[in-house]
Protein chains: 2
Amino acid sequence: MKTEDTRSDIMQAALDLIVEQGFHGAPVAEIAEKAGVAAGTIYRYFVSKDFLITELHRELEEKIVAVVQESYPSERPLRERFLYLIRELLRYFITNPLHFRYMEQYYNSPYGISLHRDRLLGKPGNQDILMDIFEQGIDQQVLKELPKAILFSLSFGSLISLMRDHILGFIVLDEALIKQTTEACWDAIKR
Amino acid sequence: MKTEDTRSDIMQAALDLIVEQGFHGAPVAEIAEKAGVAAGTIYRYFVSKDFLITELHRELEEKIVAVVQESYPSERPLRERFLYLIRELLRYFITNPLHFRYMEQYYNSPYGISLHRDRLLGKPGNQDILMDIFEQGIDQQVLKELPKAILFSLSFGSLISLMRDHILGFIVLDEALIKQTTEACWDAIKR
DNA sequence: GCAAAATGAGTGAATACTCATTCATGGGAG
DNA sequence: CTCCCATGAATGAGTATTCACTCATTTTGC
(Lines give C-alpha, C1' and ligand atoms only; values in the text may rest on other atoms or scores of the structure.)
Protein backbone atom coordinates (compact mmCIF):
# COMPACT_ATOMS: atom_id res chain seq x y z
CA MET A 1 0.00 0.00 0.00
CA LYS A 2 1.30 3.44 -0.83
CA THR A 3 2.01 5.55 2.20
CA GLU A 4 -0.41 8.22 1.07
CA ASP A 5 -3.17 5.65 1.20
CA THR A 6 -2.22 4.66 4.72
CA ARG A 7 -2.33 8.25 5.81
CA SER A 8 -5.75 8.87 4.37
CA ASP A 9 -7.03 5.54 5.66
CA ILE A 10 -6.10 6.68 9.12
CA MET A 11 -7.79 10.03 8.62
CA GLN A 12 -10.93 8.44 7.28
CA ALA A 13 -11.10 6.02 10.20
CA ALA A 14 -10.57 8.85 12.64
CA LEU A 15 -13.28 10.90 10.96
CA ASP A 16 -15.79 8.05 11.11
CA LEU A 17 -15.07 7.12 14.70
CA ILE A 18 -14.91 10.64 16.06
CA VAL A 19 -18.14 11.65 14.40
CA GLU A 20 -19.83 8.61 15.82
CA GLN A 21 -18.37 8.55 19.30
CA GLY A 22 -16.76 11.89 19.96
CA PHE A 23 -13.12 12.74 20.53
CA HIS A 24 -12.71 10.78 23.72
CA GLY A 25 -14.79 7.90 22.44
CA ALA A 26 -12.24 7.29 19.73
CA PRO A 27 -9.10 5.79 21.25
CA VAL A 28 -6.04 5.55 19.07
CA ALA A 29 -6.15 1.75 19.21
CA GLU A 30 -9.64 1.72 17.75
CA ILE A 31 -8.81 4.22 15.05
CA ALA A 32 -5.88 2.04 14.10
CA GLU A 33 -8.00 -1.09 13.97
CA LYS A 34 -10.61 0.59 11.80
CA ALA A 35 -7.89 1.87 9.48
CA GLY A 36 -6.41 -1.60 9.23
CA VAL A 37 -3.03 -0.61 10.66
CA ALA A 38 -1.27 -1.07 13.96
CA ALA A 39 -1.53 1.58 16.63
CA GLY A 40 2.10 2.50 16.28
CA THR A 41 1.72 3.23 12.62
CA ILE A 42 -0.45 6.22 13.35
CA TYR A 43 2.55 7.85 14.99
CA ARG A 44 4.53 7.62 11.81
CA TYR A 45 2.04 10.02 10.23
CA PHE A 46 0.86 12.16 13.11
CA VAL A 47 2.98 13.20 16.04
CA SER A 48 0.05 12.90 18.42
CA LYS A 49 -3.64 12.24 18.53
CA ASP A 50 -4.18 15.96 19.00
CA PHE A 51 -2.27 16.67 15.86
CA LEU A 52 -4.35 14.15 13.95
CA ILE A 53 -7.48 15.89 15.17
CA THR A 54 -6.39 19.38 14.20
CA GLU A 55 -4.95 18.18 10.92
CA LEU A 56 -8.25 16.55 10.04
CA HIS A 57 -9.99 19.82 10.68
CA ARG A 58 -7.49 21.76 8.62
CA GLU A 59 -7.79 19.53 5.61
CA LEU A 60 -11.55 19.44 5.71
CA GLU A 61 -11.70 23.20 5.87
CA GLU A 62 -9.30 23.48 2.98
CA LYS A 63 -11.47 21.23 0.87
CA ILE A 64 -14.65 23.06 1.72
CA VAL A 65 -13.18 26.44 0.93
CA ALA A 66 -11.93 25.13 -2.40
CA VAL A 67 -15.29 23.72 -3.37
CA VAL A 68 -17.22 26.84 -2.48
CA GLN A 69 -14.80 29.16 -4.22
CA GLU A 70 -14.88 27.16 -7.40
CA SER A 71 -17.01 28.91 -10.00
CA TYR A 72 -18.00 31.60 -7.52
CA PRO A 73 -19.82 34.16 -9.65
CA SER A 74 -17.77 37.13 -8.52
CA GLU A 75 -19.13 39.42 -11.21
CA ARG A 76 -22.80 38.86 -10.45
CA PRO A 77 -25.00 40.97 -8.20
CA LEU A 78 -24.73 40.80 -4.44
CA ARG A 79 -27.82 38.80 -3.74
CA GLU A 80 -26.92 36.21 -6.31
CA ARG A 81 -23.42 35.78 -4.96
CA PHE A 82 -24.73 35.43 -1.45
CA LEU A 83 -27.29 32.83 -2.44
CA TYR A 84 -24.64 30.98 -4.40
CA LEU A 85 -22.40 30.78 -1.36
CA ILE A 86 -24.90 29.44 1.09
CA ARG A 87 -26.46 27.10 -1.45
CA GLU A 88 -23.10 25.55 -2.28
CA LEU A 89 -22.22 25.23 1.36
CA LEU A 90 -25.51 23.50 2.04
CA ARG A 91 -24.97 21.17 -0.88
CA TYR A 92 -21.45 20.35 0.17
CA PHE A 93 -22.44 19.38 3.66
CA ILE A 94 -25.50 17.49 2.56
CA THR A 95 -23.23 15.45 0.32
CA ASN A 96 -20.60 15.10 3.05
CA PRO A 97 -22.50 14.88 6.31
CA LEU A 98 -19.55 13.45 8.22
CA HIS A 99 -17.56 16.54 7.37
CA PHE A 100 -20.26 18.72 8.79
CA ARG A 101 -20.55 16.76 11.98
CA TYR A 102 -16.82 16.67 12.43
CA MET A 103 -16.50 20.43 11.99
CA GLU A 104 -19.32 21.07 14.42
CA GLN A 105 -17.74 18.86 17.01
CA TYR A 106 -14.39 20.45 16.47
CA TYR A 107 -15.59 24.01 16.86
CA ASN A 108 -17.54 23.08 19.91
CA SER A 109 -14.54 21.81 21.79
CA PRO A 110 -11.41 23.19 23.37
CA TYR A 111 -9.68 22.76 20.01
CA GLY A 112 -11.91 25.07 18.04
CA ILE A 113 -12.58 27.96 20.33
CA SER A 114 -9.49 29.92 19.48
CA LEU A 115 -10.24 29.58 15.80
CA HIS A 116 -13.58 31.26 15.97
CA ARG A 117 -12.21 34.72 16.41
CA ASP A 118 -10.08 34.38 13.30
CA ARG A 119 -13.04 33.29 11.23
CA LEU A 120 -15.16 36.22 12.15
CA LEU A 121 -12.43 38.72 11.65
CA GLY A 122 -11.80 37.29 8.23
CA LYS A 123 -8.94 34.95 7.63
CA PRO A 124 -8.03 34.14 4.06
CA GLY A 125 -10.55 31.85 2.45
CA ASN A 126 -14.23 32.02 1.79
CA GLN A 127 -14.70 34.22 4.81
CA ASP A 128 -13.15 37.04 2.89
CA ILE A 129 -15.64 36.59 0.10
CA LEU A 130 -18.41 36.73 2.61
CA MET A 131 -17.09 39.81 4.35
CA ASP A 132 -16.84 41.54 1.00
CA ILE A 133 -20.47 40.78 0.35
CA PHE A 134 -21.46 42.19 3.72
CA GLU A 135 -19.34 45.27 3.26
CA GLN A 136 -20.64 46.08 -0.19
CA GLY A 137 -24.18 45.27 0.89
CA ILE A 138 -24.03 47.80 3.68
CA ASP A 139 -22.45 50.43 1.42
CA GLN A 140 -25.09 49.95 -1.23
CA GLN A 141 -27.81 50.04 1.42
CA VAL A 142 -29.01 46.61 0.37
CA LEU A 143 -28.26 45.02 3.72
CA LYS A 144 -29.18 46.03 7.25
CA GLU A 145 -26.70 48.38 8.82
CA LEU A 146 -25.35 45.97 11.41
CA PRO A 147 -21.85 44.80 12.35
CA LYS A 148 -20.59 42.19 9.92
CA ALA A 149 -20.28 39.60 12.67
CA ILE A 150 -23.97 40.00 13.34
CA LEU A 151 -24.90 39.70 9.68
CA PHE A 152 -22.87 36.52 9.70
CA SER A 153 -24.78 35.08 12.64
CA LEU A 154 -28.13 36.09 11.25
CA SER A 155 -27.56 34.30 7.97
CA PHE A 156 -25.11 31.50 8.69
CA GLY A 157 -26.45 30.71 12.12
CA SER A 158 -29.72 29.69 10.51
CA LEU A 159 -27.95 27.82 7.80
CA ILE A 160 -25.89 25.75 10.19
CA SER A 161 -28.92 24.91 12.26
CA LEU A 162 -30.73 23.83 9.11
CA MET A 163 -27.88 21.64 8.02
CA ARG A 164 -27.66 19.96 11.38
CA ASP A 165 -31.36 19.13 11.36
CA HIS A 166 -31.16 17.79 7.86
CA ILE A 167 -28.08 15.71 8.55
CA LEU A 168 -29.50 14.33 11.77
CA GLY A 169 -32.63 13.44 9.85
CA PHE A 170 -35.16 15.74 11.52
CA ILE A 171 -36.02 17.44 8.26
CA VAL A 172 -35.40 16.70 4.62
CA LEU A 173 -34.11 19.52 2.50
CA ASP A 174 -35.02 18.95 -1.13
CA GLU A 175 -34.22 21.39 -3.90
CA ALA A 176 -37.39 23.41 -3.36
CA LEU A 177 -36.78 23.78 0.35
CA ILE A 178 -33.16 24.67 -0.19
CA LYS A 179 -34.25 27.50 -2.43
CA GLN A 180 -36.83 28.74 0.04
CA THR A 181 -34.58 28.51 3.06
CA THR A 182 -31.54 30.10 1.49
CA GLU A 183 -33.78 32.96 0.48
CA ALA A 184 -35.04 33.18 4.03
CA CYS A 185 -31.40 33.58 5.12
CA TRP A 186 -31.16 36.49 2.77
CA ASP A 187 -34.37 37.97 4.15
CA ALA A 188 -32.84 38.00 7.62
CA ILE A 189 -30.08 40.36 6.55
CA LYS A 190 -31.58 42.35 3.69
CA ARG A 191 -32.77 45.80 4.49
CA MET B 1 -22.80 22.91 55.86
CA LYS B 2 -26.29 21.89 54.85
CA THR B 3 -26.33 19.02 52.41
CA GLU B 4 -28.23 21.06 49.84
CA ASP B 5 -25.39 23.53 49.76
CA THR B 6 -22.88 20.76 49.24
CA ARG B 7 -24.88 19.45 46.33
CA SER B 8 -25.10 22.79 44.62
CA ASP B 9 -21.47 23.58 45.35
CA ILE B 10 -20.58 20.44 43.47
CA MET B 11 -22.84 21.37 40.58
CA GLN B 12 -21.44 24.86 40.40
CA ALA B 13 -17.89 23.58 40.42
CA ALA B 14 -18.73 21.07 37.70
CA LEU B 15 -20.38 23.78 35.64
CA ASP B 16 -17.37 26.08 35.90
CA LEU B 17 -14.82 23.41 35.13
CA ILE B 18 -16.70 21.76 32.31
CA VAL B 19 -17.40 25.05 30.59
CA GLU B 20 -13.76 25.97 30.81
CA GLN B 21 -12.15 22.64 29.98
CA GLY B 22 -14.79 20.39 28.49
CA PHE B 23 -16.20 17.16 29.81
CA HIS B 24 -13.00 15.19 29.72
CA GLY B 25 -10.95 18.13 30.94
CA ALA B 26 -12.89 18.09 34.18
CA PRO B 27 -11.86 15.08 36.26
CA VAL B 28 -13.90 14.25 39.31
CA ALA B 29 -10.96 14.95 41.57
CA GLU B 30 -10.68 18.49 40.26
CA ILE B 31 -14.41 19.14 40.50
CA ALA B 32 -14.24 17.97 44.11
CA GLU B 33 -11.33 20.23 44.90
CA LYS B 34 -13.03 23.24 43.37
CA ALA B 35 -16.21 22.46 45.29
CA GLY B 36 -14.22 22.19 48.50
CA VAL B 37 -15.15 18.57 49.16
CA ALA B 38 -13.41 15.23 48.84
CA ALA B 39 -13.78 13.17 45.69
CA GLY B 40 -15.80 10.53 47.46
CA THR B 41 -18.39 13.06 48.59
CA ILE B 42 -19.52 13.62 45.05
CA TYR B 43 -20.71 10.03 44.97
CA ARG B 44 -23.05 10.66 47.87
CA TYR B 45 -24.97 13.06 45.65
CA PHE B 46 -24.52 11.67 42.17
CA VAL B 47 -24.25 8.02 41.31
CA SER B 48 -21.73 8.71 38.56
CA LYS B 49 -20.02 11.50 36.73
CA ASP B 50 -22.36 10.91 33.81
CA PHE B 51 -25.34 11.37 36.06
CA LEU B 52 -23.91 14.62 37.38
CA ILE B 53 -23.50 15.83 33.82
CA THR B 54 -27.03 14.99 32.71
CA GLU B 55 -28.51 16.24 35.95
CA LEU B 56 -26.75 19.56 35.49
CA HIS B 57 -28.27 19.84 32.05
CA ARG B 58 -31.72 18.94 33.31
CA GLU B 59 -31.71 21.51 36.07
CA LEU B 60 -30.38 24.26 33.85
CA GLU B 61 -33.07 23.58 31.28
CA GLU B 62 -35.72 23.60 33.97
CA LYS B 63 -34.55 26.97 35.17
CA ILE B 64 -34.42 28.46 31.70
CA VAL B 65 -37.89 27.27 30.79
CA ALA B 66 -39.25 28.71 34.03
CA VAL B 67 -37.66 32.10 33.43
CA VAL B 68 -38.88 32.38 29.87
CA GLN B 69 -42.41 31.26 30.68
CA GLU B 70 -42.71 33.75 33.49
CA SER B 71 -44.86 36.68 32.43
CA TYR B 72 -45.12 35.34 28.89
CA PRO B 73 -47.70 37.58 27.21
CA SER B 74 -49.90 34.76 25.97
CA GLU B 75 -52.74 37.10 25.02
CA ARG B 76 -50.72 39.45 22.87
CA PRO B 77 -50.27 39.27 19.11
CA LEU B 78 -48.07 36.67 17.51
CA ARG B 79 -45.16 38.89 16.64
CA GLU B 80 -45.01 40.35 20.10
CA ARG B 81 -45.01 36.93 21.75
CA PHE B 82 -42.28 35.74 19.45
CA LEU B 83 -40.11 38.75 20.09
CA TYR B 84 -40.71 38.38 23.82
CA LEU B 85 -39.53 34.79 23.73
CA ILE B 86 -36.30 35.32 21.92
CA ARG B 87 -35.51 38.54 23.74
CA GLU B 88 -35.92 36.88 27.13
CA LEU B 89 -33.86 33.92 26.03
CA LEU B 90 -31.11 36.25 24.85
CA ARG B 91 -31.25 38.17 28.11
CA TYR B 92 -31.14 35.02 30.20
CA PHE B 93 -28.08 33.69 28.49
CA ILE B 94 -26.33 37.03 28.44
CA THR B 95 -26.83 37.15 32.20
CA ASN B 96 -25.82 33.51 32.62
CA PRO B 97 -23.15 32.87 30.01
CA LEU B 98 -21.91 29.73 31.71
CA HIS B 99 -25.34 28.19 31.34
CA PHE B 100 -25.29 28.89 27.65
CA ARG B 101 -21.88 27.41 27.13
CA TYR B 102 -22.73 24.36 29.16
CA MET B 103 -25.88 23.71 27.19
CA GLU B 104 -24.04 24.14 23.93
CA GLN B 105 -21.40 21.70 24.93
CA TYR B 106 -23.96 19.25 26.17
CA TYR B 107 -26.01 19.24 23.01
CA ASN B 108 -22.93 18.90 20.96
CA SER B 109 -21.84 15.68 22.58
CA PRO B 110 -22.94 12.06 22.75
CA TYR B 111 -25.13 13.04 25.72
CA GLY B 112 -27.27 15.54 23.93
CA ILE B 113 -27.86 14.13 20.52
CA SER B 114 -30.84 11.99 21.43
CA LEU B 115 -32.49 14.98 23.06
CA HIS B 116 -32.60 17.05 19.94
CA ARG B 117 -35.41 15.17 18.30
CA ASP B 118 -37.60 15.65 21.35
CA ARG B 119 -37.02 19.35 21.34
CA LEU B 120 -38.03 19.83 17.78
CA LEU B 121 -41.07 17.66 18.04
CA GLY B 122 -42.16 19.66 21.02
CA LYS B 123 -41.72 18.26 24.48
CA PRO B 124 -43.50 20.02 27.31
CA GLY B 125 -41.86 23.30 28.10
CA ASN B 126 -41.17 26.46 26.21
CA GLN B 127 -40.90 24.54 22.99
CA ASP B 128 -44.64 24.06 23.05
CA ILE B 129 -45.15 27.77 23.26
CA LEU B 130 -42.89 28.19 20.30
CA MET B 131 -44.61 25.53 18.23
CA ASP B 132 -47.94 27.18 18.94
CA ILE B 133 -46.59 30.43 17.62
CA PHE B 134 -45.37 28.76 14.46
CA GLU B 135 -48.61 26.90 13.95
CA GLN B 136 -50.79 29.93 14.38
CA GLY B 137 -48.43 32.02 12.31
CA ILE B 138 -48.75 29.67 9.39
CA ASP B 139 -52.53 29.44 9.77
CA GLN B 140 -52.86 33.20 9.85
CA GLN B 141 -50.52 33.51 6.87
CA VAL B 142 -48.21 35.72 8.88
CA LEU B 143 -45.31 33.30 8.67
CA LYS B 144 -43.72 31.55 5.74
CA GLU B 145 -45.32 28.27 4.89
CA LEU B 146 -42.45 26.04 5.91
CA PRO B 147 -42.15 23.05 8.24
CA LYS B 148 -42.02 24.14 11.86
CA ALA B 149 -38.59 22.61 12.32
CA ILE B 150 -37.32 24.87 9.57
CA LEU B 151 -38.92 27.96 11.05
CA PHE B 152 -37.19 27.00 14.25
CA SER B 153 -33.80 26.81 12.60
CA LEU B 154 -34.30 30.01 10.68
CA SER B 155 -35.05 32.02 13.79
CA PHE B 156 -33.35 30.22 16.67
CA GLY B 157 -30.33 29.18 14.69
CA SER B 158 -29.45 32.83 14.22
CA LEU B 159 -30.21 33.58 17.82
CA ILE B 160 -27.92 30.89 19.15
CA SER B 161 -25.12 32.00 16.87
CA LEU B 162 -25.58 35.56 18.08
CA MET B 163 -25.49 34.51 21.70
CA ARG B 164 -22.34 32.54 21.22
CA ASP B 165 -20.58 35.44 19.60
CA HIS B 166 -21.67 37.80 22.32
CA ILE B 167 -20.70 35.42 25.10
CA LEU B 168 -17.33 34.68 23.56
CA GLY B 169 -16.80 38.40 23.25
CA PHE B 170 -16.73 38.79 19.48
CA ILE B 171 -19.61 41.22 19.50
CA VAL B 172 -21.38 43.24 22.15
CA LEU B 173 -25.14 43.12 22.16
CA ASP B 174 -26.52 46.21 23.79
CA GLU B 175 -30.23 46.94 24.09
CA ALA B 176 -30.41 48.59 20.70
CA LEU B 177 -28.71 45.71 18.95
CA ILE B 178 -30.85 43.16 20.77
CA LYS B 179 -33.91 44.93 19.43
CA GLN B 180 -32.57 45.03 15.89
CA THR B 181 -31.36 41.46 15.85
CA THR B 182 -34.44 39.89 17.39
CA GLU B 183 -36.45 41.70 14.76
CA ALA B 184 -34.14 40.32 12.11
CA CYS B 185 -34.94 36.84 13.44
CA TRP B 186 -38.57 37.64 12.89
CA ASP B 187 -37.85 38.87 9.38
CA ALA B 188 -36.35 35.50 8.53
CA ILE B 189 -39.61 33.68 9.17
CA LYS B 190 -42.29 36.29 8.43
CA ARG B 191 -44.00 36.06 5.13
C1' DG C 1 -23.21 8.39 71.87
C1' DC C 2 -24.91 7.46 67.58
C1' DA C 3 -26.28 8.03 62.83
C1' DA C 4 -25.27 10.41 58.88
C1' DA C 5 -21.89 12.77 56.24
C1' DA C 6 -17.42 13.30 54.62
C1' DT C 7 -12.94 11.69 53.73
C1' DG C 8 -9.03 10.37 50.61
C1' DA C 9 -5.84 6.58 49.87
C1' DG C 10 -6.34 2.72 47.12
C1' DT C 11 -7.86 -0.03 42.87
C1' DG C 12 -8.45 -1.49 38.44
C1' DA C 13 -9.43 -0.23 33.95
C1' DA C 14 -8.43 2.60 30.06
C1' DT C 15 -5.43 5.10 27.15
C1' DA C 16 -1.71 7.68 24.64
C1' DC C 17 2.52 6.89 23.27
C1' DT C 18 7.31 4.23 22.69
C1' DC C 19 10.59 1.36 20.63
C1' DA C 20 12.95 -2.97 19.72
C1' DT C 21 11.82 -5.94 16.30
C1' DT C 22 9.80 -7.76 11.93
C1' DC C 23 8.41 -7.31 7.26
C1' DA C 24 8.06 -5.71 2.40
C1' DT C 25 9.85 -3.78 -1.61
C1' DG C 26 12.63 -2.56 -5.31
C1' DG C 27 16.83 -2.49 -7.55
C1' DG C 28 21.42 -4.07 -8.49
C1' DA C 29 24.87 -7.95 -8.98
C1' DG C 30 25.77 -12.26 -10.92
C1' DC D 1 15.80 -14.42 -14.19
C1' DT D 2 17.16 -15.15 -9.37
C1' DC D 3 19.02 -13.99 -5.23
C1' DC D 4 20.24 -10.71 -1.80
C1' DC D 5 20.30 -6.85 0.76
C1' DA D 6 19.31 -2.06 2.24
C1' DT D 7 15.88 0.99 3.53
C1' DG D 8 12.06 2.52 5.60
C1' DA D 9 7.38 1.17 6.76
C1' DA D 10 4.68 -1.40 10.02
C1' DT D 11 4.09 -3.85 14.16
C1' DG D 12 2.14 -4.56 18.87
C1' DA D 13 3.57 -5.69 23.48
C1' DG D 14 5.02 -2.82 27.03
C1' DT D 15 4.99 1.59 29.96
C1' DA D 16 3.60 5.34 32.46
C1' DT D 17 -0.16 7.92 33.42
C1' DT D 18 -4.76 9.30 34.23
C1' DC D 19 -9.20 8.75 35.86
C1' DA D 20 -13.70 7.16 37.73
C1' DC D 21 -15.12 4.97 41.42
C1' DT D 22 -14.90 2.28 46.26
C1' DC D 23 -14.83 1.69 51.05
C1' DA D 24 -12.79 1.42 55.63
C1' DT D 25 -12.21 5.03 58.59
C1' DT D 26 -12.91 9.60 60.67
C1' DT D 27 -15.58 13.67 61.63
C1' DT D 28 -19.74 16.18 62.47
C1' DG D 29 -23.82 17.55 64.60
C1' DC D 30 -27.77 16.53 67.06
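Me: What's the handedness of the crossing of helix 5 and helix 9 of chain B, left-handed or right-handed?
Reply: The crossing of these two chain B helices is right-handed. By the convention used, a crossing is left-handed if the near helix is turned anticlockwise from the far one by less than a right angle, and right-handed if clockwise. Helices (H or I, at least four residues) and strands (E, at least two) are DSSP runs, numbered from the N terminus.

Me: And what kind of model am I looking at?
Reply: This is a predicted model, where local features need pLDDT of at least 70 and side-chain atom pairs count only at pLDDT 80 or more, while totals for chains, interfaces and linings use all residues. Residues are numbered from 1 along each chain as its sequence is written, chains are lettered from A and ligands numbered from 1 in the order in which they are written, and side-chain values use heavy atoms, with hydrogens and water left out.

Me: Back to that pair. At what angle do the axes of helix 5 and helix 9 of chain B cross?
Reply: Roughly 25°, and the axes of helix 5 (residues 78-95) and helix 9 (residues 148-167) of chain B come within 10 Å. That makes helix 5 of chain B roughly parallel to helix 9 of chain B. Angles under 35 degrees count as roughly parallel, over 145 as roughly antiparallel, 65 to 115 as roughly perpendicular and the rest as oblique. The axes are lines fitted to C-alpha atoms, for helices over the stretch in contact, and the angles run from 0 to 180 degrees between N-to-C directions.

Me: Which residues meet there?
Reply: From helix 5 of chain B you get B:F82, B:I86, B:L89, B:L90, B:F93 and B:I94, and they meet B:S155, B:F156, B:L159, B:M163, B:H166 and B:I167 of helix 9 of chain B. The residues of this contact (heavy atoms within 4.5 Å) divide into 10 nonpolar, two polar and no charged.

Me: Over to chain A. How do the axes of helix 5 and helix 6 cross there?
Reply: In chain A, the axes of helix 5 (residues 78-95) and helix 6 (residues 97-107) come within 4 Å and cross at roughly 100°. That makes helix 5 of chain A roughly perpendicular to helix 6 of chain A. A:Y92, A:F93, A:I94 and A:T95 on the helix 5 side meet A:P97, A:H99 and A:F100 on the helix 6 side. That contact has five nonpolar residues, two polar and no charged.

Me: How many helices and strands does chain A have?
Reply: Chain A comes to 10 helices and zero strands. Its C-alpha trace spans about 60 × 30 × 30 Å along the principal axes.

Me: What share of chain A is buried?
Reply: 52% of the 191 residues in chain A. Buried means under 20% relative accessible area, exposed over 50%, and partly exposed in between (1.4 Å probe, protein chains only).

Me: Where does A:S161 sit, and why does it count as buried?
Reply: A:S161 is in helix 9 of chain A, and it counts as buried because its relative accessibility is 6%. Leaving aside neighbours within four places in sequence, A:S161 is in contact with B:S153 and B:G157.

Me: How about B:I64, buried or exposed?
Reply: B:I64 is buried, with a relative accessible area of 6%. It lies in helix 4 (residues 49-69) of chain B. Beyond neighbours within four places in sequence, B:I64 is in contact with B:L89, B:Y92, B:F93 and B:M103.

How values were computed:
Ala, Val, Leu, Ile, Met, Phe, Trp, Tyr, Cys and Pro count as nonpolar, Asp, Glu, Lys and Arg as charged, and the others, Gly among them, as polar.
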